[in-house]
Amino acid sequence: MASRLATAQSAYLRSAVHQPVDWYPWCPEAFEAAQRAGRPILLDIGAAWCHWCHVMDRESYEDPRIADQLNRDWICIKVDRDERPDVDARYQRAVQALTGQGGWPLTAFLTPEGQVFYGGTYFPPDGKYGRPGFSSVLRELIRIYREEPGRVAGQAARLRQVFEGQAREARAGPLEAKLLDDAVELMARMFDFRNGGFGTQPKFPHPAALDLLLARWFDTGQPWLREMVDRTLTAMARGGIHDHLGGGFHRYATDARWVVPHFEKMSYDNSELLRAYLHAALAPGSSSGAGSPGPPGGYRAVIEGIAGWAMEVLALPEGGYAASQDADAGPDDDGDYFTWTAEEARGVLSDEEFAVVSRHYDVQETGEMHHDPRKNVLWIAQDVSEIAAALSWPAWRVAALLESGRQKLRAARAQRAAPAVDRTVYTGWNAMMASALIEAAPYLSRPDLERHALQTLERLFREGSGDEGASGVRHALGGPDLRLLEDQVQLALAALEAHEATGDPRWRRRAEALGEYVWAAFAAQGGGLNDRPGGASGEGFLEQPWQPIEDAPAPSGNGAAALLAARLAEHTGEPRWRERLERLLGAFAGSLAGLSLHAATLLKAADWYLHPATHVAIIGEPGDPAADALLAAARSSYRPRTVMHRLGPQDSARALPGPLKAMLEGKTPRAYVCAGEACAAPTADPSELAATLARFGRSAP
């Protein structure tokens, strides 16, 4: 069978070329074929990094018996959720409304017009795990479709109604401080003070919520806010969700203690966690333990690990970052690349190293993995001081053995067959990683991070737009000309980060151009923004407008757009950006407190709206080392809602707020700091500037 997926850009779709199923990609031709033949549609949505997608592919879609059923009775469509998040978001909601859960693989059964009448996630080929067998599900559904068309039409209509109701679920409301207070209070009620994080299990990182809580702590000084941040970041850094050998984080933990992860590693998770750990490390009075042992090396080691993994595994030499790293390296794998049996560890380490490493990372004869109970997830069970006391060895010796053992494990792991990396360059995720690395570069004293990030952003504008952003950017470089909200706003935010780091006004102009395009192309009635341009056609549920407001789990398109409007309002001084921010937030404000954790990016934008921004202006000749040192000090300080301006003595101060503009004097280099209407004394001393940013105008200690 000649596969229609052979020329797909998506690595996930191409991986199905050998399957005996007659797959279509998402395209009008698939729906036309279904309507001509009067057949229902099987929609399979998965991803290159998805363990259970690979399992279902192997068990069912590679089985000639099941393929015969599918090819005879169904039109089959396979979708990469990373390539088509617009398709995934809509059908996830529909299946969740039916079953109460979603995830990947998403297996949806549609009418020829694309309406859902049944669905689920993973189906085993024959019944097990308490789930019905896929083959029997296919037989029963095709029987119902043919013999009970009224039942199918009624179910599809009910689900369509539910979906349309969800698409309108956001409520307008007033923008007031109580909104943030109520949202944070709800986060506190969901917080797991024992293990860190929110809820019980599975556990997701929620970096935007942590960033919001850190900002509220900075403004109020309430210690419990900081404790929530530190407990979570510390627990994740010590847990198995953190890759202790290769750096970076897996997607989520299956347990409440962060020990056993799903092993895929996503670019978007790691970029936002890099930012969360960086802000917590830079925040004055940083405490990476909150009364409990912190991660070895503190937050800095975690930040170095994320940046190191991004540059080693994701970074492309021509600029750009790969999208993800798979969980598995083979068909019967479940994180085997990342896990260890005691025998494997002993084969690599000396007896003394194993004595230390096994205690530190909890490597036992029986591990945590159900598919192979001998396999251990590495997580920090004991610290150096505890191991030294248990073995009656000096701490320095334990630390040295631990480091030599860790390096041996890392080198041995590098000899294993590594999970595949999806090297697709998605604009929004690339912008997020570039922005985070630009932020981290001065803290880590790694200018190479900033150089590669700027190279990436140049590539995104060059290959994804061609006109500096005025007509938007495509979702994936080299892919179809698909315009999605999240890509436009994330690239604009990254361009502002580049502008603040370099002082080059070209980056700000690009951010403005993208912002203007967004509000012209994606604006919805009521003030929010759709995920697809207005008037964009599409099959099935794509015709239904959708305004993304929840971080699921990457920052929502409307949340990132609101942050963009907030920052452009401060950078340009032009009222229209503040007005757009107010309209956008107002469209959703009635829902935000209740959504709380799940709408944290929008809540961060509300924080910008409700509280004054801090402007830092560095005045000095281009290339002046003293002015550059002031900028580096400002960039290595934490203060929420901060806007950086790097200006030469002759540059226009037009966009600066009035109080700051009034302060400017002829001396250079100088740094000026104003928060709202209050300004600090100008300084030429980087350490004084850092102290000012930590303390100025704060009622908190």
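Visitor: In S13, what is the bridge partner of Thr 614?

Guide: First, this is a predicted model, where local features need pLDDT of at least 70, side-chain atom pairs count only at pLDDT 80 or more, and totals for chains, interfaces and linings use all residues. Residues are numbered from 1 along each chain as its sequence is written, and side-chain values use heavy atoms, leaving out hydrogens and water. Strands (DSSP runs of E, at least two residues) and helices (H or I, at least four) are numbered from the N terminus. In S13, Thr 614 is bridged to Ala 675.

Visitor: In which sense do S11 and S13 pair?

Guide: Two strands pair if DSSP finds at least two bridges between them. Strand S11 (residues 614-619) and strand S13 (residues 670-675) have 6 bridges, and the sense is antiparallel.

Visitor: Are H17 and H18 roughly parallel or roughly antiparallel?

Guide: Axes are lines fitted to C-alpha atoms, for helices over the stretch in contact, and angles run from 0 to 180 degrees between N-to-C directions. Helix H17 (residues 427-444) packs against helix H18 (residues 447-464) at about 155°, with axes 8 Å apart. Under 35 degrees is roughly parallel, over 145 roughly antiparallel, 65 to 115 roughly perpendicular and the rest oblique. So H17 and H18 are roughly antiparallel.
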